[in-house]
Amino acid sequence: MTFYVENETEVTFPFDVEEVVELVAEAVLDAEECPYETQVNVLLTDNEGIHEFNREHRGIDRETDVLSFPNVDFETEGDFDIDEEREADYFDPDSGELILGDIIISVDKVMEQAENYGHSTKREFAFLVAHSMLHLCGYDHMEEEEAKVMEAKQEEILTALGITREM
């Protein structure tokens with residue numbers, strides 16, 4: 001499993017960002033029974049940076065906490081049965097890893113939301129990674145039922161890792 005984590009801000013957290021990304025991402029992939037070694041890119045930016053990505057790629061002119069850019073077009077959430085005809089689109093030819101996609105997180109939102117929700121920045125950061133990883137695995141929350149499924153999965157994964165709201 002390969003994770004590329006880039007922090008384009010001066011913000012540092014009281015935890016190892018790469019370690020949390022790997023821990024949470026692996027937990028999501030294990031829960032989803034992903035059979036492949038994977039590759040995920042994570043960019044940490046500020047509110048201004050994520051605002052620009054949101055405007056440019058989604059046509060939404062405001063900041064947000066996290067953006068997910070899946071590389072795999074899942075027909076069914078978490079179904080890693082990849083059509084042979086699409087393998088060249090989804091797998092890194094050098095490493096053979098499944099390129100799941102990109103995650104962009106606003107460090108400003110991590111700090112703001114952690115304070116608003118009364119939990120640690122580690123818990124908020126881990127939550128956003130779990131949320132985004134589920135998007136990279138084909139999940140969405142446009143409908144109420146979809147949102148319930150994602151919320152339950154996020155909580156289950158974070159609780160199993162001991163990353164709770166009380167942190």
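**Sheet and helix packing in a predicted model**

Four strands form an open sheet in the order E1-E2-E4-E3, and their pairing is mixed; two strands pair if DSSP finds at least two bridges between them. Helices (H or I, at least four residues) and strands (E, at least two) are DSSP runs, numbered from the N terminus. The edges are strand E1 (2-7) and strand E3 (66-70), each of which pairs on one side only. From one strand to the next the twist averages 15 degrees. This is a predicted model, in which local features need pLDDT of at least 70 and side-chain atom pairs count only at pLDDT 80 or more, while totals for chains, interfaces and linings use all residues. Residues are numbered from 1 along each chain as its sequence is written, and side-chain values use heavy atoms, with hydrogens and water left out.

E1 runs parallel to strand E2 (residues 38-45), and six bridges join the two. Within this pair, Glu6 stands opposite Leu43 in E2. Helix H2 (residues 47-58) packs on the sheet and touches E2, E3 and strand E4 (98-106), where contact means heavy atoms within 4.5 Å. The direction of H2 makes about 40 degrees with that of E3; axes are lines fitted to C-alpha atoms, for helices over the stretch in contact, and angles run from 0 to 180 degrees between N-to-C directions. Helix H4 (residues 107-117) also packs on the sheet, touching E2 and E4, and its direction makes about 65 degrees with that of E4.

H4 leads on to the packing between helices. The axes of H4 and helix H5 (residues 121-136) come within 8 Å and cross at roughly 115 degrees. H4 is therefore roughly perpendicular to H5 (angles under 35 degrees count as roughly parallel, over 145 as roughly antiparallel, 65 to 115 as roughly perpendicular and the rest as oblique). The contact is made by Val110, Met111, Gln113, Ala114 and Tyr117 of H4 and by Thr121, Glu124, Phe125 and Leu128 of H5. By class, the contact of H4 with H5 has six nonpolar, two polar and one charged residues; Ala, Val, Leu, Ile, Met, Phe, Trp, Tyr, Cys and Pro count as nonpolar, Asp, Glu, Lys and Arg as charged, and the others, Gly among them, as polar.

H5 also packs against H1. The axes of H1 and H5 come within 9 Å and cross at roughly 40 degrees, so H1 is oblique to H5. H1 contributes Val17, Val20, Val21, Val24, Ala25, Val28 and Leu29 to the contact, and H5 contributes Lys122, Phe125, Ala126, Val129, Ala130, Met133 and Leu134. This contact of H1 with H5 has 13 nonpolar, no polar and one charged residues.

H5 and H6 pack at an angle of about 130 degrees, with their axes 10 Å apart, which means that H5 is oblique to H6. Residues of H5 in the contact include Arg123, Phe127 and His131, and those of H6 include Met150, Lys153 and Leu158. The residues of the contact of H5 with H6 divide into six nonpolar, three polar and three charged.

The structure holds ten salt bridges, each a side-chain nitrogen of Lys or Arg within 4 Å of a carboxyl oxygen of Asp or Glu. Glu32 forms a salt bridge with Lys153, with the closest N and O atoms 2.9 Å apart. Because Glu32 lies in the loop between helix H1 (17-31) and E2, and Lys153 in helix H6 (residues 144-160), the pair ties together parts that are 121 residues apart in sequence.
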